[in-house]
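User: I would like to learn how to read strand pairing and helix packing in a model. Please take me through an example.

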Amino acid sequence: MKSFLSGNGGILRLIAFLCATSLCAEAYAQTSGGITVRARGVSGSEHINLKVGGVTVANWTLTTSLKDYTYTGTAAGDIQVQYDNDATGRDAIIDYIFVNKETRQAENMSYNTGVYGNGRCGGGSYSETMSCSGVIGFGYTYDCFSGNCNSSSTSSSSSSSSGTRCSGYVGITFDDGPSSNTNTLINQLKANSLVPVTWFNKGQNVANNGSLVALERSVGIVQNHSYTHPHLTSLSYQQIYNELNQTNQAIQNAGSPKPSVLRPPYGESNANVQQAAQALGLRLVTWDIDSKDWNGASTAAIVSAAGQLQNGQIILMHDGYANTNNAIAQIAASLKSKGLCPGKIDPSTGRAVAP
Ligand SMILES: [Zn+2]
């Protein structure tokens with residue numbers, strides 16, 4: 001079995017075999033495993049963890065030659081490879097990961113807190129080398145191999161992706177959580193494969209419901225929506241800065257990566273808001289389509305609003321309304337019929353792109 005399973009081709013043949021024997025549907029009903037990390041160490045004692053959606057799903061001790069390390073369980077969420085035992089003479093080299101039938105090269109990944117650059121750990125990016133304990137973020141994964149995978153054939157990092165299922169990407173966003181509604185909404189998102197989404201969390205809610213952040217991360221990306229939801233334009237620069245910084249801290253304390261996007265409450269901004277956001281590395285993003293769920297819109301009206309979404313656009317919805325929860329199935333079906341897939345919000349452009 002060892003040679004049969006070795007390498008990506010072997011895994012795909014195994015999946016094909018399982019599918020042919022009708023075990024496929026059951027084994028991959030929600031998400032399927034198969035994340036390979038190709039890596040080596042400089043000393044051979046380096047230890048790495050594979051984290052998906054904030055949970056460590058596998059860990060390995062590296063040798064000094066490049067090898068494939070494969071996790072075959074189920075998983076969903078953002079993928080990180082974490083190097084955790086930095087010491088003199090130790091460096092982890094992560095060549096690439098292989099997931100959802102595609103290769104994601106470490107040097108194409110912007111989020112790398114283990115690279116040494118500009119005189120400090122985490123001071124660089126786009127590197128295979130982790131000289132410090134830290135993580136490389138490899139993007140998002142949800143369902144795969146089953147052929148019913150929203151993000152299976154696409155990646156911001158892949159040059160060979162076919163993109164056969166997705167003719168474009170839209171930003172599905174929910175503001176003001178996490179809350180007592182979050183569980184219900186996430187169940188709808190999972191049931192309809194409407195993932196990944198973007199959560200614009202209130203820092204105060206994160207501080208009160210930290211455990212829900214991991215759940216949010218299993219279907220999307222967590223971003224900043226201020227701490228107390230004030231009209232930021234009526235605050236001083238320092239007050240604005242504190243609102244945004246406290247929220248970043250709360251989100252990071254809950255185990256999520258540092259936010260890269262800010263949606264100011266009510267979409268209101270001015271020069272102080274823009275400068276405070278910039279100082280904290282946050283891109284201001286509002287929306288193209290307002291579902292008006294905050295104003296009592298019916299489920300049908302929310303579905304209709306989502307029906308206007310075009311490639312690259314973002315819709316505003318909220319975590320907290322039954323009408324929004326009840327709209328998810330129809331929104332998913334409508335987008336699918338047009339070949340539009342949920343994407344992530346690119347912090348460099350503010351547009352929805354492949355996750
Ligand atoms: Zn809000």
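User: How many helices and strands does the protein have?

Analyst: This is a predicted model. The protein has 11 helices and 21 strands. Of its 355 residues, 45% are buried. Among contacts between residues at least 6 apart in sequence, 68% join residues at least 24 apart.

User: Which strands pair with β12, and in what sense?

Analyst: Strand β18 (residues 314-318) pairs with β12 in the parallel sense over five bridges. Strand β19 (residues 340-342) is also a parallel partner of β12, with three bridges. Strand β13 (residues 197-201) pairs with β12 in the parallel sense too, over three bridges.

User: Which residues can I use to find these pairings in the viewer?

Analyst: For β19, look at Val 170, which stands opposite Pro 342. For β18, Thr 173 has Leu 316 as its bridge partner. For β13, the bridge partner of Asp 175 is Phe 200.

User: How does the chain cross from β12 to β13, and what is the hand of the crossover?

Analyst: The chain passes through α4 on the way from β12 to β13, and this β-α-β crossover is right-handed.

User: Which strand do five bridges join to β13?

Analyst: That strand is β14, and the two run parallel. Strand β14 covers residues 220-224, and five of its five residues are buried.

User: Now the helices. What describes the packing of two helices?

Analyst: Two packed helices are described by the angle between their axes and the distance between the axes. Here, take helix α4 (residues 182-191) and helix α6 (residues 210-217): their axes come within 10 Å and cross at roughly 10°. Angles under 35 degrees count as roughly parallel, so α4 is roughly parallel to α6.

User: Which residues meet where α4 contacts α6, and of what kinds are they?

Analyst: From α4, Thr 182, Asn 183 and Ile 186 meet Leu 212, Leu 215 and Glu 216 in α6. The residues of this contact divide into three nonpolar, two polar and one charged.

Definitions and conventions:
Residues numbered from 1 in each chain as written. Predicted model: local features only at pLDDT ≥ 70, side-chain atom pairs only at ≥ 80, totals over all residues. Axes fitted to C-alpha atoms, helices over the stretch in contact; angles between N-to-C directions. Helix = DSSP H or I, 4+ residues; strand = E, 2+ residues; numbered from the N terminus. Parallel < 35°, antiparallel > 145°, perpendicular 65-115°, else oblique. Contact = placed C-beta atoms within 7 Å. Nonpolar A, V, L, I, M, F, W, Y, C, P; charged D, E, K, R; others polar. Pairing = 2+ DSSP bridges. Right-handed = clockwise from strand over helix to strand, strands pointing away. Buried ≥ 20, exposed ≤ 12 C-beta atoms within 10 Å, placed from the backbone.
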